[in-house]
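Please read the following report alongside the sequence and the three-dimensional view.

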Number of protein chains: 2
Amino acid sequence: MKTNKRAVVLLSGGQDSTTCLFWAKREFDEVYAIGFDYGQKHKKENALAKEIADMAGVPFKLVSIDSLSQLHHNALTDSSIEVCHEKPEGELPNTFVPGRNLIFLTYAAIYAYTIDAHHLVTGVSEADYSGYPDCRNNFARAANVAISLALDTEFEVHTPLMWLDKSEVWKLSDELGVLDLVREKTLTCYNGIPADGCGECPACKLRRAGLQKYLNSKK
Amino acid sequence: MKTNKRAVVLLSGGQDSTTCLFWAKREFDEVYAIGFDYGQKHKKENALAKEIADMAGVPFKLVSIDSLSQLHHNALTDSSIEVCHEKPEGELPNTFVPGRNLIFLTYAAIYAYTIDAHHLVTGVSEADYSGYPDCRNNFARAANVAISLALDTEFEVHTPLMWLDKSEVWKLSDELGVLDLVREKTLTCYNGIPADGCGECPACKLRRAGLQKYLNSKK
C-alpha cells in the first residue's frame, strides 16, 4: 500500500454513495468520485452526482457503459419493464442488474490505477438486504482480491455502510454534517423523484422509514 | 452447479482462445462464444472470431465496450502509441490494458447467467508469462469467486492453457484436430497480420518459436 491517502468513491447520486463521499472526505487526504451511465432510466442520477461532487469540491469522472444493457434486460435499464413494488417470493427483484457492482468496482479500480489511488469506497450494504448478491460483504471482499490481482496493485475496498441500517446511515450523515444536503440533493427513488421521492417504491419506503426512525431517536 | 454442461468461451480470434473453443467443444455439451470490441486497433480480430465460431458451429456474441479506452491509454487501443517490441525492464509492456480480463470475465459471466451456463473458458496462461497480472492463475481463481458471489451463481472458470507453453498449445490444437485451422485462421500478431503474422512483434516470435518447437518434436 502506498503512503498516499487518495480514494475513489463510487458516486451514484443516491443517499448511500453521497454519505460515503463525505465519509471519504473525512478519512482521506484526496478524494475523487466516479459515476456510471449504464443506460439507467433516470439520467438525472448522474447530473445530481456531479452537482454533489461539485458541492464537496471533488472531481467527478463519468464513465459510459452501454454493454450492461446489451447483455441483460431489467427494470432499471429497460423502460418497457416496470419496477416491481413488491419483492417476488424467493426471487431477485426485477431491478437486479447482474454483475453491475463488479463491473463498477473494476472500472473504479482502473480509474484509481491511472491516478495512483489505492482506496476505493462504495456504499453497498447488507443491513437492509434487498436480495442483491453484489451488495454482500463476501462479494466486496472477493472483488477486492480479484481487482488487486488483476491490476497487481494493493487496493482496499471500503464499505462504510455495510452493517448500517438506513436509520444509521442517516445518523452517519448527520455526524458528517450533511444530513440536510443528503436529504435534499440525493435521488433514491425508483421513480426518479429526488429528495423525499415518490414515497411508494421500495427504495423510498426504506429511506423514509429510516429517516423517521433516526429523527425519533434524537427527540 | 447445474447439471447442464453449457460453456461460454471468451473468443478473441487469437491462437489461444481458438484452441480453447475447440477444447470446450470436446469437453461440454453446448458451447457459446463471446467477443469484445474494446477499441482495439485490429478490428479484424472480431471478424476472424466470428468466422472461427461459424466454422465451429458455435453462436458468437459480440459486446461493445468503449469504457476501457475512456479510462486508460495504451498501445492496444490508442493508435498514437506504438507497440514496444521489447518488454521494458521491470515494467509492464505498453500493451497492458489494465483490468481488461476482469471486465471480460465479468461480461462473459453476465452472458452465461442469461443463458443458464455455468462454465466459462478463457485462454489466459502463466507459462509464457508476458508480465500481464491478469493472466495469472491466482487472478483467475479470485475472479472465479468474485463473479460467482456477484451473480449468486456457481461458475467454474476453466483455463486449459494456464500451464502450457506455446509449443504445448500447438500440440493441444493438433490433438483436437485443428492445428491447420488455428495456424491459418487466427490473429496473434500485434501488427494485425493474421496466420503466420509479421514475425517481428513479441507475439509473433513466441507463436513461431512454439510452432517450430512442436513440429520439431514430432519429427
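## Terms and basis of the model

A residue is called buried when its relative accessible area is under 20%, exposed when that area is over 50%, and partly exposed in between, with a 1.4 Å probe and protein chains only. This is a predicted model, in which local features need pLDDT of at least 70 and side-chain atom pairs count only at pLDDT 80 or more, whereas totals for chains, interfaces and linings use all residues. Residues are numbered from 1 along each chain as its sequence is written, chains are lettered from A and ligands numbered from 1 in the order in which they are written, and side-chain values use heavy atoms, with hydrogens and water left out.

Helices (H or I, at least four residues) and strands (E, at least two) are DSSP runs, numbered from the N terminus, and two strands are said to pair if DSSP finds at least two bridges between them. In chain A, strand β2 (residues 30–37) has six of its eight residues buried, so this strand is largely enclosed by the rest of the structure. Strand β1 (residues 6–10) of chain A runs parallel to β2(A) and is joined to it by five bridges, with A:Arg6 standing opposite A:Glu30. The chain passes from β1(A) to β2(A) through helix α1 (residues 15–27) of chain A in a right-handed β-α-β crossover; right-handed here means that, with the strands pointing away from the viewer, the path from the first strand over the helix to the second runs clockwise.

Strand β3 (residues 60–64) of chain A is also parallel to β2(A), again through five bridges, and A:Phe60 in β3(A) is the bridge partner of A:Ala33. Here the chain crosses from β2(A) through α2(A) to β3(A), and this β-α-β crossover is right-handed.

## The parallel strands of chain B

In chain B, six of the eight residues of strand β2 (residues 30–37) are buried, so that strand is largely enclosed by the rest of the structure. Five bridges pair it in the parallel sense with strand β1 (residues 6–10) of chain B, and B:Arg6 faces B:Glu30 across this pairing. Together with helix α1 (residues 15–27) of chain B, β1(B) and β2(B) make a right-handed β-α-β unit.

The pairing of β2(B) with strand β3 (residues 60–64) of chain B is parallel and has five bridges, with B:Ile34 standing opposite B:Lys61. Helix α2 (residues 44–56) of chain B carries the chain from β2(B) to β3(B) in a right-handed β-α-β crossover.

## Core and interface

A nonpolar core is a set of buried Ala, Val, Leu, Ile, Met, Phe, Trp, Tyr and Cys residues joined through side-chain atoms within 4.5 Å. The largest such core has 83 residues, and those with the most contacts inside it are A:Ile65, A:Tyr107, B:Ile65 and B:Tyr107. Leaving aside neighbours within four places in sequence, A:Tyr107 is in contact (heavy atoms within 4.5 Å) with residues of both chains, among them A:Ile34, A:Phe36, B:Leu71 and B:Tyr107.

Between the two chains, 38 residues of chain A are in contact with 38 residues of chain B. The buried area, which is the accessible area (1.4 Å probe) that two parts lose on being put together, summed over both, is about 3,100 Å² here, with carbon and sulfur atoms giving 70%. On the chain A side, A:Leu71, A:Tyr107 and A:Leu149 lose the most area to chain B, together 20% of what that side buries.

## Charged pairs

Side chains of opposite charge can pair when their charged atoms come close. Two lie across the interface of chain A and chain B; A:Arg136 forms a salt bridge with B:Asp152, with the closest N and O atoms 3.8 Å apart.

Within chain A, A:Lys185 and A:Glu51 form a salt bridge whose closest N and O atoms are 2.7 Å apart. This pair links helix α7 (residues 179–185) with helix α2 (residues 44–56) of chain A, across 134 residues. A:Lys185 is partly exposed at a relative accessible area of 26%, and A:Glu51 is partly exposed at 36%.

Definitions and conventions:
A salt bridge is a side-chain nitrogen of Lys or Arg within 4 Å of a carboxyl oxygen of Asp or Glu.
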